[in-house]
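Let's take a friendly walk through the packing of this protein. Have the coordinates open as you read.

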Amino acid sequence: APTLINESNTEWNFKMPFFSSSKSQTSKRNDGNGIKKHRWENASPQLSINLGCLGVGYVASLNTPQGMHTEMFDSYEFLGPRLMFMYQPRMSRFSYGVGVGTNWKNFRMTDGVRFDREPNGNTVLTGYPEGVYIGFSRVKVFSWTVPLEVKYYLTDKVSLSASSIVNFNTYASLKTRYTTPEGQGVKELDTHLHQNPVTVDFMGHVKYGAIGLYVKYSPCNVFESGRGPKFQAWST
């Protein structure tokens with residue numbers, strides 16, 4: 001099932017000084033509590049700054065090499081806080097934005113195959129030592145993100161959005177845990193992996209009030225060519 005996004009937006013609206021602020025000729029409705037305007041019935045173009053979008057989702061890998069089986073419901077994605085600059089034209093249900101945020105993707109395996117780092121820095125798929133009790137093996141990628149978003153307001157509370165997101169992948173790590181037959185816990189941690197430094201995601205998002213659902217497609221390989229297993233991802 002899709003995972004909920006809790007999105008809390010704090011907005012400051014500024015009238016653009018170089019646009020007309022003439023009185024809007026929009027329709028109004030009476031909802032029983034007085035006259036109320038829809039949010040897209042503005043008298044002039046609006047520029048807003050939105051803070052928010054905290055979310056979590058499940059990650060599935062695509063086109064994986066033989067032997068690599070990441071578990072979707074054990075692999076998580078975290079959408080960190082983002083700052084969005086949104087522009088809404090006069091008398092329009094559409095708004096357009098650009099921003100900056102953060103993202104973590106975790107690819108986790110719990111079967112007999114693990115991620116391992118060779119001395120040259122390449123990430124490979126290997127087996128576990130014989131007889132051990134397997135915990136997990138995962139790769140985590142941290143990204144600074146630059147989303148480009150188009151949003152459409154169906155109602156005052158319901159909106160649809162589509163985004164292309166440029167990811168600057170500045171950090172990646174590998175962690176594997178298992179227990180030896182003697183009962184000793186082992187943790188292997190490696191950093192400075194050769195992740196793909198710049199990737200692009202495409203995301204669709206539906207929101208009601210402060211709650212949303214998203215689906216994201218990541219067509220780029222996680223690792224640089226020749227420096228790790230080739231696979232892509234989608235998340236929800």
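A nonpolar core is a set of buried Ala, Val, Leu, Ile, Met, Phe, Trp, Tyr and Cys residues joined through side-chain atoms within 4.5 Å. In this predicted model, the largest such core has 15 residues. Those with the most contacts inside it are Phe-107, Phe-115, Val-139, Leu-193, Val-222, Phe-223 and Phe-231. At least two residues of this core come from each of strand S9 (94-109), S10, strand S12 (133-153) and strand S13 (158-179). Another core, of five residues, lies apart from it and includes Cys-53, Leu-79, Ile-165 and Met-203.

What does Phe-231 contact, leaving aside neighbours within four places in sequence? Its partners include Phe-107, Val-222 and Phe-223, along with Ser-61, Leu-62, Asn-63, Thr-64 and Met-68.

| Residue | Location | Relative accessible area |
|---|---|---|
| Asn-106 | strand S9 | 13% |
| Asn-122 | loop between strand S10 (113-117) and strand S11 (123-127) | 14% |

Because buried means under 20% relative accessible area, Asn-106 at 13% counts as buried, and so does Asn-122 at 14%.

Beyond four places in sequence, Asn-106 touches Val-59, Ser-75, Tyr-76, Phe-78, Arg-138, Val-139 and Lys-140.

Which side chain makes a polar contact with that of Asn-122? The side chain of Arg-227 does, at 2.3 Å.

Key. Residues numbered from 1 in each chain as written. Predicted model: local features only at pLDDT ≥ 70, side-chain atom pairs only at ≥ 80, totals over all residues. Heavy atoms only, no water. Helix = DSSP H or I, 4+ residues; strand = E, 2+ residues; numbered from the N terminus. Buried < 20%, exposed > 50% of the residue type's maximum accessible area, 1.4 Å probe, protein only. Polar contact = N/O pair within 3.5 Å; in protein donor to acceptor, adjacent residues only side chain to side chain. Contact = heavy atoms within 4.5 Å.
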